[in-house]
Amino acid sequence: MTDTSHDIRTLNGLIATTIDSVDGYTEAAKDAENGRYAQMFTSRAGERRQVASSLQAEVSRLGGNPEDDGTALAGAHRVFLNLKSAVTGQDDQAIVNEVERGEDHIKAKFEDAMQDDGLTAETRSAIGAAWESVKAGHDEMRDLKHALENK
């Protein structure tokens with residue numbers, strides 16, 4: 001029986017960060033003035049819920065207890081929730097900037113995990129599948145931020 005504790009810890013860290021991003025996108029959608037942005041944020045939140053769900057299924061498959069609340073790993077994973085205080089009463093440019101900052105954080109977390117040679121091939125594969133969504137979200141927010149800056 002292989003020791004899966006490192007895989008489970010790594011996955012749970014990614015799940016917590018992903019749940020934080022769901023919360024961040026949900027807050028951003030509430031505060032966005034532009035309906036198109038609100039729709040984009042809501043859509044991303046839904047997509048991130050699916051990512052968290054697939055990573056939780058992987059933790060269960062490994063025999064672990066999947067993280068189900070982003071706040072359990074408070075501190076290092078709070079980047080997205082800074083969004084709430086940052087966006088209250090702000091314009092869409094400020095909201096997009098905060099969302100993009102959170103996207104940089106989650107992207108870095110996934111990149112670190114994918115470079116981790118201590119993970120099993122199955123876990124790296126699950127992370128790689130989730131990474132596609134994370135990268136798409138990051139790139140979309142980066143492009144939106146740049147488009148707004150160049151207006």
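Which residues in α2 meet which residues in α4? The legends below take this up for a predicted model, where local features need pLDDT of at least 70, side-chain atom pairs count only at pLDDT 80 or more, and totals for chains, interfaces and linings use all residues. Residues are numbered from 1 along each chain as its sequence is written, and side-chain values use heavy atoms, with hydrogens and water left out.

**View 1. Helix α2 meets helix α4.** Tyr 37, Phe 41, Arg 48, Val 51 and Leu 55 stand on the α2 side. Asp 92, Ile 95, Val 96, Val 99, Glu 103, Ile 106 and Phe 110 stand on the α4 side. Contact means heavy atoms within 4.5 Å. The residues of this contact divide into nine nonpolar, no polar and three charged.

**View 2. The axes of α2 and α4 cross at roughly 20°.** Helix α2 covers residues 35-61 and helix α4 residues 92-114. Their axes come within 13 Å. The angle makes α2 roughly parallel to α4 (angles under 35 degrees count as such). The crossing is left-handed.

**View 3. Arg 48 is buried in the model.** Arg 48 lies in helix α2. Its relative accessibility is 0% (buried means under 20% relative accessible area, with a 1.4 Å probe and protein chains only). Beyond its neighbours within four places in sequence, Arg 48 is in contact with residues including Thr 18, Tyr 25, Glu 103 and His 138.

**View 4. Tyr 25 and Phe 41 form an aromatic pair.** The structure holds one such pair (ring centres within 6.5 Å). Tyr 25 lies in helix α1 and Phe 41 in helix α2, so the pair ties together parts 16 residues apart in sequence.

Note on methods:
Axes are lines fitted to C-alpha atoms, for helices over the stretch in contact, and angles run from 0 to 180 degrees between N-to-C directions. Helices (H or I, at least four residues) and strands (E, at least two) are DSSP runs, numbered from the N terminus. Angles under 35 degrees count as roughly parallel, over 145 as roughly antiparallel, 65 to 115 as roughly perpendicular and the rest as oblique. A crossing is left-handed if the near helix is turned anticlockwise from the far one by less than a right angle, and right-handed if clockwise. Ala, Val, Leu, Ile, Met, Phe, Trp, Tyr, Cys and Pro count as nonpolar, Asp, Glu, Lys and Arg as charged, and the others, Gly among them, as polar. Buried means under 20% relative accessible area, exposed over 50%, partly exposed in between (1.4 Å probe, protein chains only). Rings of Phe, Tyr and Trp (its six-membered ring) pair if their centres lie within 6.5 Å; planes under 30 degrees apart count as stacked, over 60 as edge-to-face and the rest as tilted.
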